[in-house]
Amino acid sequence: MRTLQKLGRMPIALTVPAFAILLVAFGVPVIQLLLTSLNAPAFSVVNYHAFFERPANVRVLFQTIEISVVATAICLVIGYPTAYLIVAASKRLRTVLLVLVFIPYLTSLLARTYAWIVILGDRGLINNLLLDLGLISTSVPIIYSGVALYIGMVHIMLPIMILPLISVMLGIDNSLIAAARSMGARPLAAFWRVFLPLTLPGIRSGVLLVFVICLGFYITPQALGGLRDALLSTVIAAQVQSALNLESIAASAFILLGIAAVVLSIFGLDISGKQGLAAQPTRGSRPSRLPCLGKLAQHIKELFAPYRSKRWIAELYQPANDGGWWQIVGAAFVTVVMFFLLFPGLVVMIMSFGAGTALEFPPSGLSLQWYRSFFSNPSWSGTAWTSIQIGVAVAILSTFVGTLAAYGLSNTVPRLRGLLTMVILTPITFPAIVVGVATYLGLVKLGLIGTKTGLILAHSIGSIAFVVVIVSATLANFDRRLEQAAQSMTAGPLQTFMKVTLPLIRPGVIGGALFAFIHSFDEVVLSSLVGGAVRTLPLRMWESMRNELDPTIAAVASLLMLLPVLWLVALYVTWWRSRSTAKQAPPNT
Amino acid sequence: MKVHAGRFLPPIEEIALEKSPVPPQIEFCSVTKMYGTVAAVKELSLSVSRGEFLTILGPSGSGKTTALMLLAGFAAPSEGDILIAGKSVAAVPSYRRDQGIVFQSYALFPHLTVRRNLEFPLEMRGMKAAGRAAKVDRMLERVHLSELGGRMPSQLSGGQQQRVALARALIADPPILLLDEPLGALDRNLREQMQGEIKSLHKEFGKTTICVTHDQEEALTLSDRIVVMRDGRIEQIDTPEALYDRPATSFVATFLGEANILENPGFKIETDVAQPSGTVVMIRPECICIAAQTAPKGAQAGQRQSVTGMVEDMIYAGPLRKYHVRVESSVLIVREHVPSGQQIFEPGDEVQLDWLRSDIRLVPA
């Protein structure tokens, strides 16, 4: 009894609900999957052998790696200068550009993929344009080719690369660059010797994130790539949906996971990347063991926080002779990147108001017919309603469970915290298809395949991870002495949490809830595996993209593209309010 | 003997023969810096001679950091010009100005070891690796950090980081050294120690040094001359002693040390000269003697004024005792050294205050 009481007081107990969900829906099945792949209880590598014996498999494997590497490299090459230019811009412009990067980041994956189908398709925007100009006589195949695949993947991944880079760059003390210059370093030397090495943590987390997501990605490649561009994840998904040869699925999944693990260990498991910067004596405390997704939360904070202007502010004045050209080139580059990120969405939005029977650009007339079709056709509006229900349920469940877990983790010893956080984050750091297969197995065991409960559970494991990341980042900046102060005023642990801690970390909790909802609302890989008869909006869109050319999807995609604006406003209100209370605090105390 | 004064200057002999005087090492010519519609620095004119230690002192927002940024080349003047060794540096970027800067946060490169940090300025000036190593060794020894060359900045204490920052600023032997709140991040004991260190480095290397600070004690201890700035303008420039003894304005009087400023004292204050209108009376707390009311008048009675008052408050501060004494409608601060063997007064005691008439200063209000 006493040990039980003691256990109840331990902060680690707060993580129990999160780990329970994680284990049931994901942890246990992953281990089962591993055992299956190893032919337990006989234990042999025969399944892996079988995988490598089929040349087709090996080809797909190498192709997966190649495509992931190339896409990641393109993202880095485009993303690094973009991030640099955004950080270098004036404060107002920087905020605008950040919002422009955030909008595609928060926009539905399917909506963005659909936009590229519309643009690159055989009767898409580009082909039509070329035909009209008389440059070609028959449409050129762009879609279902390697080019379309890379365009789509880079479009999806670019914000994921840019955001951690910006986050790290904003954290670099300007006086370091000023110091380098004062010691005789020309701008280029200062960049190579000081700025670039200091941004390595950002490069590392961006590259890791993008690469691992690419590995497990199958929606965009399948929609835009040709038959020859099959990825391992596509093959696994096909296997799951057709005949169930569990052993070979398990082996394929673990080979994919193995690649991710190898890359993670090469680049270093600690993807927080703050160690190198710990030298700054004036720097405030930052979460040091939080994996790269913590940047997300920090990032949102930085977006709405007043830029911490160091005393040696960024006005690193350049004499007139070497500024002009670079400024023009830089402005042009950022413009092109922003155009690339936002143009597809605009095209779809404009097309969705078309009056014709098929989609056209520019539309010959304006009408709301596709919006009407969306709201009147239950196969669309019904699925949207289902998605909202599931999303809200997931948001409530994972915010509650995730906040508790984050709070519990923040009170445990750092070593244990790091390990447990890493475990909790596996659903969003493992390749999506592996998570999907494991969850599928788990839900089969529970008999929850094809039920809303099953979907809620499946989405929650990922959403909990997002909540933990964001709330932990908020907690890391939370002054623990406030809790001690409350306790010195005889507030019990629960009262302290409710009256002091929770109100102060509320922005993080709300942000977490928002991301939990977005994760669920946009989820398609897991849903397609475990959804069964339950049709969510992303599933309906996915089906529509593959089978029919029902222009209603343009209306749906347009509506989904407006959502991020809503999210940003919600985040702004949350963070802005927290900022204004923080501002009022000093005079009162 | 031919003495080379520095890389920008011709040998001293030749200068002496020329008619024009030696150009000051640094000269601000009516410099204004606008940020939007706000002028951070207004028509600043100032000249600093070679080897001088000049401190720019002022509260935050007084424009002192802006002045340093302009000199360092991190900002361009909106109007006016800055001359270094007689030449305009308006078009010279910071990396060609050949200055050593110690930043407030030290700005040690967190990804480089102490050695590599010290090598950086040499490398940027194109020095070969062998020459660099020897120089770094010598400099590390000079700042007593020979053991720590292989450490990362994060593994150093605050005082050690400060010394690395100083060493890095000095190692390439620039003629000008800029210090931005150099001791702001250190605790009190360490600060005093580092003040000594900076002073001895200045003596040894003889760099023209511009230091920006809001710490009056730092300014008084280190400087040859002090510039007091307020709202982007110079309030007064003088040696530390002259500033303290003869403040030009009541702002300088109160910013540099403690001062009794008596606008309407409620009693007659005797002065040697007639008090011009628009001025107020200022007297330093340590110039006032406190004694029991019955105490006999001491020597120099003719040159002193004495008044009676009542102790309102007594503050014990280690070597000092501070009294707040009400005399008519004003409260005077009086500072007494504890071991002076004098009587200790309690609040409510009637006391006699007296001071030398020559210690009274008349400053513009």
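Predicted model: local features only at pLDDT ≥ 70, side-chain atom pairs only at ≥ 80, totals over all residues.
Me: Why is B:Ile269 called buried?
Reply: Its relative accessible area is 7%. Buried means under 20%. B:Ile269 is therefore buried.

Me: Where in chain B is B:Ile269 found?
Reply: In the loop between β11 (260-262) and β12 (279-283).

Me: Which residues is B:Ile269 in contact with, leaving aside neighbours within four places in sequence?
Reply: B:Leu262, B:Val281, B:Gln305 and B:Ile360. Contact here means heavy atoms within 4.5 Å.

Me: What makes helix α2 of chain B largely enclosed by the rest of the structure?
Reply: Nine of its nine residues, 64-72, are buried, so the rest of the structure largely encloses α2(B). Among them are B:Lys64, B:Thr65 and B:Leu68.

Me: Which residue follows α2(B)?
Reply: B:Gly73, with a positive phi near 90°.

Me: Which residues touch the most other members of the largest nonpolar core?
Reply: A:Ile433, A:Leu537, A:Met541, B:Phe109, B:Phe120 and B:Ile210. The core holds 200 residues. Helix α8 (residues 146-170) of chain A gives the most to this core, with 16 residues. Apart from this core lies another, of 31 residues, including B:Tyr106 and B:Met194.

Me: What is A:Leu537 in contact with, beyond neighbours within four places in sequence?
Reply: Its contacts include A:Phe374, A:Trp380, A:Phe521 and A:Leu560.

Methods
Residues numbered from 1 in each chain as written. Chains lettered and ligands numbered in written order. Heavy atoms only, no water. Core = buried A, V, L, I, M, F, W, Y, C linked by side-chain atoms within 4.5 Å. Buried < 20%, exposed > 50% of the residue type's maximum accessible area, 1.4 Å probe, protein only. Helix = DSSP H or I, 4+ residues; strand = E, 2+ residues; numbered from the N terminus.
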